[in-house]
Amino acid sequence: MGAFLPKPKTEKHNEGGVGNQLRYGLCSMQGWRVEMEDAHTAVVSIPHAKLKDWSFFAVFDGHAGARVSAFCAEELLNHIIKNEDFKLNLKDGTEIQPSVEDVAKGIKTGFLTLDEKMRTIPEMLSGEDKSGSTAVSSIVSPKFLFFANCGDSRAILCRHGKCAFSTTDHKPINPGEKERIQNAGGSVMIQRVNGSLAVSRALGDYEYKNVEGKGPCEQLVSPEPEIFVEERSPEDEFMVLACDGIWDVMTNDELCAFITSRMKISSSLEEVCNQVVDTCLIKGSRDNMSIVIVAFEGAPTVCDEAVQREKELDEKIEHKVKEILQREPQENHDFGYVLHSVADELMGQFPPGGGFQSKKTTIEAIYNNLKPNTEKEEVSTLFPLRKTGLLPSLTREDAP
């Protein structure tokens with residue numbers, strides 16, 4: 001369970017880069033949480049002679065502290081490519097790159113050896129630090145996409161504006177996960193491991209990994225990643241790696257549709273990431289949020305028609321706000337009422353996947369411009385909006 005701030009911290013960290021015929025952008029934001037526990041890694045060209053045309057991206061969602069997620073962000077890639085199972089350092093000096101099977105095996109070994117190494121950190125060994133972290137990563141080779149997931153962060157691959165692939169979230173209620181937990185002497189209560197931890201696989205969390213006679217992948221919480229291999233295609237548009245602060249409020253197809261629409265009006269992937277995070281905050285996410293978008297050569301590009309549609313929508317929103325302020329009694333001129341009315345009257349016309357929430361800041365700016373003496377609304381207007389039915393109530397248990 002996590003504690004929350006009285007108002008969210010909305011400052012963003014952005015990065016972006018280009019290389020290996022890829023573009024990437026990322027955004028992370030603390031949000032409502034009292035601490036930022038997410039971390040990330042983005043390496044466009046892996047620093048090894050045989051892997052210079054390979055790339056690596058990862059998102060780590062920490063819980064009970066940020067030590068494990070930060071350590072993973074620094075060390076996971078090295079533990080993957082430098083272990084013997086990856087078979088990178090061939091003795092005969094050949095330039096043959098690792099096989100698909102070797103990469104998959106090396107990824108698994110990298111996760112497990114990293115988890116074992118972190119256990120020896122003094123604060124972990126003593127039990128002073130009980131932190132853990134989910135991890136979702138992708139290695140992009142010239143021919144394949146290797147996805148590895150451990151926990152409930154998620155990666156998706158988008159083709160034709162829809163989700164063509166998704167990793168699997170590891171939750172204690174999943175039949176296979178529940179069976180392992182029970183075989184290790186644990187239980188699943190309120191959808192949590194022993195009624196406490198909301199994920200069934202993670203790095204760290206060593207208090208759940210001390211069952212004698214059980215191997216590392218047979219513990220209450222397993223550090224074993226689930227690995228998926230997708231052959232690259234000219235139809236690949238972009239992939240997304242994100243923590244559950246994003247997935248709590250957007251489905252795979254909603255996020256694909258929203259990002260597709262934003263890429264058609266902005267060439268900046270950092271800006272697209274920012275819009276996703278802002279929209280998820282307004283949709284009700286109360287967790288840390290981190291997202292990485294990696295665009296392939298087939299990604300949508302800025303389109304004059306889409307830009308024009310966006311301009312027309314903004315003009316329509318401005319006209320509607322003016323109309324509402326003019327026709328309604330003065331007592332109905334608060335921002336919550338105006339936002340509710342615009343959302344209702346322009347239903348179905350907002351960006352796909354983003355809904356009216358993706359235009360909340362636009363509506364607010366127009367409202368404040370038309371009523372300059374009105375005290376500006378904070379994002380906390382979200383909570384009164386839930387009573388109107390515009391936003392769902394938060395019934396999901398808080399993140400680990």
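Residues are numbered from 1 along each chain as its sequence is written, and side-chain values use heavy atoms, with hydrogens and water left out. Because the model is predicted, local features need pLDDT of at least 70 and side-chain atom pairs count only at pLDDT 80 or more, while totals for chains, interfaces and linings use all residues.

**View 1. Helix α6 meets helix α7.** Helices here are DSSP runs (H or I, at least four residues), strands are too (E, at least two), and both are numbered from the N terminus. The axes of α6 (residues 252–263) and α7 (residues 269–283) come within 10 Å and cross at roughly 135°. Each axis is a line fitted to C-alpha atoms over the stretch in contact, and angles run from 0 to 180 degrees between N-to-C directions. That makes α6 oblique to α7; under 35 degrees would be roughly parallel, over 145 roughly antiparallel, 65 to 115 roughly perpendicular, and the rest is oblique. On the α6 side, look for L255, F258, I259, R262 and M263; on the α7 side, L269, V272, Q275, V276 and T279 make the contact (heavy atoms within 4.5 Å). Sorted by class, that's seven nonpolar, two polar and one charged (Ala, Val, Leu, Ile, Met, Phe, Trp, Tyr, Cys and Pro are nonpolar, Asp, Glu, Lys and Arg charged, and the others, Gly among them, polar).

**View 2. Helix α8 meets helix α10.** Here α8 (residues 304–327) and α10 (residues 360–370) have axes that come within 10 Å and cross at roughly 45°. That makes α8 oblique to α10. From α8, D314, I317, E318, V321, K322 and L325 meet T362, I363, I366, Y367 and L370 of α10. This contact has seven nonpolar, one polar and three charged residues.

**View 3. V44 in its loop.** Find V44 in the loop between β3 (38–43) and β4 (55–63). With 18% relative accessibility, V44 counts as buried (under 20% relative accessible area; exposed is over 50%, partly exposed in between, with a 1.4 Å probe and protein chains only). Leaving aside neighbours within four places in sequence, V44 touches V18, G19, N20, Y24, W54 and S55.

**View 4. A cluster of rings.** Ring pairs link W54, F86, F144 and F146 into a cluster. Rings of Phe, Tyr and Trp (its six-membered ring) pair if their centres lie within 6.5 Å; planes under 30 degrees apart are stacked, over 60 edge-to-face, and the rest tilted. The count comes to seven aromatic pairs. F144 and F146 form a tilted one, 6.1 Å centre to centre with 50° between the planes. F144 is partly exposed at 23%, whereas F146 is buried at 2%.
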